[in-house]
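Please read the numbered points with the sequence and the model at hand.

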Amino acid sequence: AEREQLKQQKLKSESKLEEIMKEKEVLRVETDRLASSIEKLKSEFAALTKSKAELQELHGGVSKILEDLRSSHETLELEHTRLLQENKTLLSEQKTLVSIKEEILKEKEKFLEDYCKLREEVRRLAQANSEMSASLLESQNKNLELRKEKDELALKLNEMESLQAQ
């Protein structure tokens with residue numbers, strides 16, 4: 001068991017050694033890359049120094065452009081103020097329209113409620129009409145039966161009168 005444990009420790013140690021070797025290689029590659037980056041940065045620094053001189057030459061042109069922009073900015077400020085006033089007017093109109101819309105929606109809800117009530121009333125009236133129609137039909141049938149009975153009784157009465165008269 002001790003031997004097995006030693007084997008496992010040896011395997012772990014070899015695995016760790018392998019990882020350390022890989023890390024060492026990664027660090028060497030990273031060191032090379034950093035050295036290359038430093039050289040590149042030195043070259044870029046020289047280019048930036050040259051660019052700085054060119055930028056200083058452009059500064060005069062940019063200053064003139066800046067003055068033109070300031071003038072343009074003042075014009076834009078006036079336009080901005082006009083647009084803000086117009087925006088306030090439009091917002092006021094929008095509030096009015098929203099208020100009107102809300103009133104219309106309330107009316108619509110009331111109409112919908114009334115419609116539902118009327119629909120229920122129509123349903124009830126249709127039901128009552130149906131019940132009355134059934135009752136009327138029943139009454140008509142009863143009336144027909146009573147007429148038949150009356151006719152039969154009248155016939156019997158006539159027969160009795162004619163028998164009494166003999």
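**Note on the predicted model**

1. A search of the whole structure finds 12 salt bridges. A salt bridge is here a side-chain nitrogen of Lys or Arg within 4 Å of a carboxyl oxygen of Asp or Glu.

2. Residues are numbered from 1 along each chain as its sequence is written, and side-chain values use heavy atoms, with hydrogens and water left out.

3. The secondary structure of the chain consists of 1 helix and 0 strands. Helices (H or I, at least four residues) and strands (E, at least two) are DSSP runs, numbered from the N terminus. The helix, α1, covers residues 2-165.

4. How far does α1 span between its end C-alpha atoms? The span is only 146 Å, whereas a straight helix of 164 residues would span 244 Å at 1.5 Å a residue. The expected span of a helix is taken as 1.5 Å times one less than its number of residues. A kink of about 35 degrees occurs in α1, centred on His 59. The bend at a residue is the angle between axes fitted to the seven residues ending there and the seven starting there.

5. The overall dimensions of the chain may be considered next. Its C-alpha atoms fill a box of roughly 155 × 90 × 20 Å along the principal axes. The radius of gyration of the chain is 54 Å, but a compact globule of 166 residues would have one near 15 Å. This radius is taken over C-alpha atoms, and the globule rule is 2.2 Å times the number of residues to the power 0.38.

6. What share of the 166 residues counts as buried? The share is 0%. Buried means under 20% relative accessible area, exposed over 50%, and partly exposed in between (1.4 Å probe, protein chains only). The accessible surface of the chain comes to about 16400 Å², and 59% of this belongs to carbon and sulfur atoms. Accessible areas come from the Shrake-Rupley method with a 1.4 Å probe; for residues, only the protein chains shown count as cover.

7. Lys 10 and Glu 14 form a salt bridge in which the closest N and O atoms are 4.0 Å apart. These two residues are 4 apart in helix α1, and so are separated by about one helical turn. Lys 10 is exposed, with a relative accessible area of 52%, while Glu 14 is partly exposed at 40%. An α-helix has 3.6 residues a turn, so residues three or four places apart point the same way.

8. A further salt bridge joins the side chains of Arg 28 and Asp 32 (2.9 Å, N to O). Because Asp 32 and Arg 28 are 4 residues apart in helix α1, about one helical turn separates them. Both count as partly exposed: Asp 32 has 42% relative accessibility, and Arg 28 has 43%.

9. Glu 30 and Arg 33 also meet through their side chains in a salt bridge (2.4 Å, N to O). Arg 33 is partly exposed, with a relative accessible area of 45%, and Glu 30 counts as partly exposed at 32%. The pair is 3 residues apart in helix α1, so about one helical turn separates Arg 33 from Glu 30. Salt bridges that share partners join Glu 25, Arg 28 and Asp 32 into one network.

10. Which residues make the nonpolar surface patch of about 300 Å²? The patch is made by Leu 55, Leu 58 and Val 62. Patches are made of residues with over 30% relative accessible area and no salt bridge, with like charges joined within 9 Å and nonpolar side chains (Val, Leu, Ile, Met, Phe, Trp, Tyr) within 5 Å. Leu 55 lies in helix α1 and is exposed, with a relative accessible area of 54%.

11. Leu 78, an exposed residue at 65% relative accessibility, is 29 residues from Thr 49 along the chain, and their C-alpha atoms are separated by 42 Å. Ser 71 is partly exposed, with a relative accessible area of 40%. Ser 71 and Leu 125 are 54 residues apart along the chain, with 79 Å between their C-alpha atoms. Ser 71 and Glu 131 are 60 residues apart in sequence and 88 Å apart in space, C-alpha to C-alpha.

Notes:
This is a predicted model: local features need pLDDT of at least 70, side-chain atom pairs count only at pLDDT 80 or more; totals for chains, interfaces and linings use all residues.
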